[in-house]
Structures are given as C-alpha cells and as structure tokens.
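Hi,

Here is the structure I said I would pass on.

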Amino acid sequence: MNPDPRLHHTAKRIRPGSLEKVIEMFGLLGCKLSYQPEGMRWAMIDQEGLNFDIQLIEVEGEQLEDETRRDSQISFVSENPAEHIEKVRVWAEEKGLTFMQKSWNEREHYFDLPDLFVDWVVEIMHVSVVGE
C-alpha cells in the first residue's frame with residue numbers, strides 16, 4: 001500500500017561549484033545520479049532499492065560555520081561505518097578538501113566536508129542502532 005502523501009525527496013544546500021564533487025562523494029557511499037536538468041546546477045541522487053531521492057542544490061550565501069551543522073544530516077546505516085568514512089576521508093584528502101570527523105558514541109559517527117556542504121553533515125551509524 002502506498003501512503004498518500006508519500007515521501008519523495010529532501011533537498012540539501014551545497015556550495016557553488018561543488019555539485020560534481022558532491023555527486024562523486026555520494027558515489028563512494030553507493031548513491032548515483034538519478035536526474036540533472038541540462039545546464040542546471042542542481043541534481044538528484046538516489047540509492048538502488050530505495051524510492052527516495054536527495055536533491056543537491058548549489059546556493060550562494062553564507063555558510064553555517066558552527067557546531068549546529070551536525071543537527072542537519074543525511075544518515076546511512078552500515079555494518080562497518082569506519083570503512084566508509086575512511087573511504088571518504090581518503091577521497092577528500094586526494095581532492096584537497098577539508099574533512100572533519102566526529103562521533104556521538106561508538107556506533108554513531110558523522111563527517112563534514114565544509115568546502116562542499118553549506119549547513120549539514122553525513123552520518124554513518126552501525127546497523128545495530130536500527131536493530132538489523
């Protein structure tokens with residue numbers, strides 16, 4: 001049964017000129033480009049098996065610079081969060097991007113790429129937090 005209304009996507013703000021890098025970073029986490037209008041500086045990404053998209057939109061303006069960035073997040077669950085975070089850290093280092101990682105506890109971790117993200121982070125939690 002499909003609910004009505006049904007969730008479709010969420011949108012996240014990214015820095016100007018960063019769209020291709022953000023899409024590439026999400027590729028490291030198993031996401032792919034699902035839609036990008038020609039000539040536009042926004043795109044949708046998704047992950048196989050899920051019927052939910054993330055819209056990435058380049059925006060001008062001020063970036064949130066304080067710790068409240070972590071209050072807005074895109075979250076993943078994984079058997080091995082550290083492996084995925086390390087993959088992104090190495091990628092960011094190769095691209096010359098600032099990479100910041102923190103944890104709430106031993107099962108819930110997040111990283112920030114402030115050169116790319118305006119006001120959010122990526123969280124990767126161990127599957128045990130959702131009972132898998």
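Let me start with F26, which is buried at a relative accessible area of 0%; buried means under 20% relative accessible area, exposed over 50% and partly exposed in between, with a 1.4 Å probe and protein chains only. Before going on: this is a predicted model, where local features need pLDDT of at least 70 and side-chain atom pairs count only at pLDDT 80 or more, while totals for chains, interfaces and linings use all residues. Residues are numbered from 1 along each chain as its sequence is written, and side-chain values use heavy atoms, with hydrogens and water left out.

**Aromatics**

A search of the whole structure turns up six aromatic pairs. Rings of Phe, Tyr and Trp (its six-membered ring) pair if their centres lie within 6.5 Å; planes under 30 degrees apart count as stacked, over 60 as edge-to-face and the rest as tilted. F26 and W120 make a stacked pair, because their planes are at 15°, with the centres 6.2 Å apart. That pair links distant parts of the chain, 94 residues apart: F26 sits in helix α1 and W120 in the loop between β7 and β8. Helices (H or I, at least four residues) and strands (E, at least two) are DSSP runs, numbered from the N terminus. W120 counts as buried too, at 0% relative accessibility. One aromatic cluster is formed by F26, F76, F117 and W120.

**The helices**

In α1 (residues 19-28), the buried residues are L19, V22, I23, M25 and F26. Down the axis of α1 they fall within an arc of 160°, so they line one face of the helix; the arc is that of the directions from the helix axis to the C-beta atoms. Just after α1, G30 has a positive phi of about 85°.

For α2 (residues 81-95), the buried set is P81, I85, V88, W91 and A92. These cover an arc of only 125° around the axis, which puts them on the same side of α2. A82, E93 and E94 are exposed on the other side. What covers the buried residues of α2 includes α1, β5 (73-78), β6 (100-103), β7 and β8, with contact meaning heavy atoms within 4.5 Å. G96 follows α2 and has a positive phi, near 75°.

**D119**

Where does D119 lie? Its place is in the loop between β7 (108-112) and β8 (121-126). D119 is buried, with a relative accessible area of 17%. Its side chain makes a polar contact with the side chain of R13, at 2.5 Å. A polar contact is a pair of N or O atoms within 3.5 Å; within protein, one must be able to donate a hydrogen and the other to accept it, and residues adjacent in sequence count only if both atoms are side-chain atoms. Setting aside neighbours within four places in sequence, D119 is in contact with R13, L64, R69 and S72.

**The hairpins**

β2 (residues 31-35) and β3 (residues 42-47) pair in the antiparallel sense over four bridges; two strands pair if DSSP finds at least two bridges between them. They form a hairpin with six residues between them, and G39 in the turn has a positive phi of about 80°. Y35 stands opposite M44 in β3, and the bridge partner of M44 in β4 is Q55. β3 and β4 (residues 53-58) pair in the antiparallel sense over four bridges. In their hairpin, with five residues between the strands, G49 takes a positive phi near 95°.

Cheers
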